[in-house]
Amino acid sequence: MKKVLAVILFCLSFPFLAKAQESNKFGAGEIHGNFQMMAQNYLVDSTIGAKEVSEKIRMNSFANLNYINGNFKAGMRYESYEKALLGFDPRYNGSDLTYRYATYTNDDLEFTIGNYYEQFGSGLIFRSYEERGLGIDNAMDGIRVKYKPTAGVYLKSVIGKQRFYFAKGEGIVRGLDAEFNLNEILSTFLPEFNPEKARYTYILGGSMVGKYQADNDPIRILPENVAAFAGRFNFISDKFNFYSEYAYKINDPSLTNGFIYKKGEALFVSANYSVKGFSLSASAKRVDNMDFRSDRNADVNNLTMSFLPAISKQHTYALPSFYPYATQPLGEIGEQFELSYNFKKGTKLGGKYGTLVTINFSNANNLDTTQTGNEQGYSAAFFSKGKMLLYRDLNFEVVKKISPKLKTTYTYMYQVFNKDKVQNVSGFGTVFAHIAVFEMQYKINSKKTFRAELQSMRTKQDFGDWAVGLAEYTVSPHWFFAVIDQFNYGNAIAEKRAHYYSGSFGYTKNATRFIVGYGKQREGFLCVGGVCRLIPASYGLSLAISSTF
């Protein structure tokens, strides 16, 4: 009842606040927000495995309202799932006020009460965030304080519980983070030193996060307080950037690790070098028993406190995205390298307009472990790779401008994907896939553009060979039209050699956009940053509306 009254009062005050915003009188502040609705009806198609849905039409929607007045900010979000689209957890069911906050900033102090998102370092021990496309929202509900006691010193403190669909998780999360910009600190002792003009920048950081959850297990003796610690270092220059972070977690028996009492640790290192026309990047990651949640009994993507950055290329084309790599928090070791070179205009390989070539390689293996036969579960050598290959991706991309109107992209990929291990299934084994993509974009005039894609994947595993064709026509700034067909022509089962066709069009006016689509969606995983959710096969009409103000 209190939540409903809060929504009513906020809505009643909106016209007066908005009018004051227009006239800019009385210091009434400003109101901003956004709205989104996604709806789909579901039809049956036994060929692709699209099953009957009793509701026929399902919908996800939300609206954010934010009020800003000087140093004060407040806002709320209302969400409605009637019922949630297929692929989202069924616990997203109904409507409610799910997010509300108030923030005040005074000089170097900022505090927030209510809900908030926050991250320490790269997120190895703490990241509270929202990824709406994956159905992830582990927003904190409590208090956050940020304080800058002196130049170059940045402190954060958080306490609260995490969102768990329309409720809150059982565990209490507490955390501290400190970051020290050595250049800014030096400027307080040497007034003539300007950190903004310094050739090199050095940043150090450290975090501590703890969770509390009562031990109600009738058999095991479980730690009620679990702490994790992390330290990081960042070196920045005009051409080079180096970042490293190490995290350590004390024993944290949970559902996901089989209730073993082993410590957890993670190491993430990345380096980037770039000059005009050339860039080189490398990253490496080792993860051992670092699934960290505020509830030891949670699973899937629920109540996660840590975020383990992905070190595989995030593909945007359809076929290369068929086998996306999901970070293995219980154990993996891997690396990624990427080199980009832009052949200059007028050279033999650059041609008239230049040629951009990118080579990317990523690899992930399991850990080299030894079973201990006790409550520790196993031991793992720190720098030794296991023999099991989880994922490998070698890809080449060439972007070539042919004329002022025509640009082309050529891509080849070789992927190795251990489907059983990465997706926690059985009977599929490892997939070896060769993928080729050709894309062309033709600018008809200043407002009209035509884009097309041809894609091919050859593999003897899983569902066999695929081909994809896409055509897209854009009339700026309002309209776009697109059709796509994904054809599983190499499926070993003849009746399952299906066409997954779909078409869509959209209209944009100012900050409002409408998209209508119709067609078939294959079953597969959607991944963002190494975090994934399963999307079931579906067939039908979809509608999406979004707007900001």
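Which strand holds Val145? Val145 is found in strand β10. Strands here are DSSP runs of E with at least two residues, numbered from the N terminus.

## About the model

This is a predicted model: local features need pLDDT of at least 70, side-chain atom pairs count only at pLDDT 80 or more, and totals for chains, interfaces and linings use all residues. Residues are numbered from 1 along each chain as its sequence is written, and side-chain values use heavy atoms, with hydrogens and water left out.

Val145 counts as partly exposed because its relative accessibility is 30%.

## Salt bridges

Side chains of opposite charge can pair when their charged atoms come close. A salt bridge is a side-chain nitrogen of Lys or Arg within 4 Å of a carboxyl oxygen of Asp or Glu. The whole structure has 35 salt bridges.

One of them joins Glu130 and Arg77, at 4.0 Å from N to O. This pair links distant parts of the chain: Glu130 lies in strand β8 (residues 130-131) and Arg77 in strand β3 (residues 72-81), 53 residues apart. Glu130 is partly exposed, because its relative accessible area is 28%. Arg77 is buried, at 3%. Both residues belong to a network of salt bridges that also links Glu79, Arg132, Asp137 and Arg163.

## Two buried pairs

Asp252 forms a salt bridge with Lys211, with the closest N and O atoms 3.1 Å apart. Asp252 sits in the loop between β16 (240-249) and β17 (264-275), while Lys211 sits in strand β14 (residues 200-212), 41 residues away. Asp252 counts as buried, at 3% relative accessibility. Lys211 is buried too, at 3%.

Glu439 pairs with Arg451 in a salt bridge, and their closest N and O atoms are 3.2 Å apart. Glu439 is in strand β23 (residues 430-443) and Arg451 in strand β24 (residues 448-458), 12 residues apart. Glu439 and Arg451 are both buried.

## An exposed loop residue

Is Gly346 buried or exposed? Gly346 counts as exposed because its relative accessibility is 68%. Gly346 is placed in the loop between β19 (331-343) and β20 (355-371). Gly346 and Val209 are 137 residues apart in sequence. In space they are 55 Å apart, C-alpha to C-alpha.

## A hairpin

Strand β29 (residues 524-528) pairs with β30 in the antiparallel sense, over five bridges. Two strands pair if DSSP finds at least two bridges between them. Val528 stands opposite Val531 in β30. The hairpin has two residues between the strands, and there Gly529 takes a positive phi near 60 degrees.

Why is strand β30 (residues 531-535) largely enclosed by the rest of the structure? Four of its five residues are buried.

Technical notes. Buried < 20%, exposed > 50% of the residue type's maximum accessible area, 1.4 Å probe, protein only.
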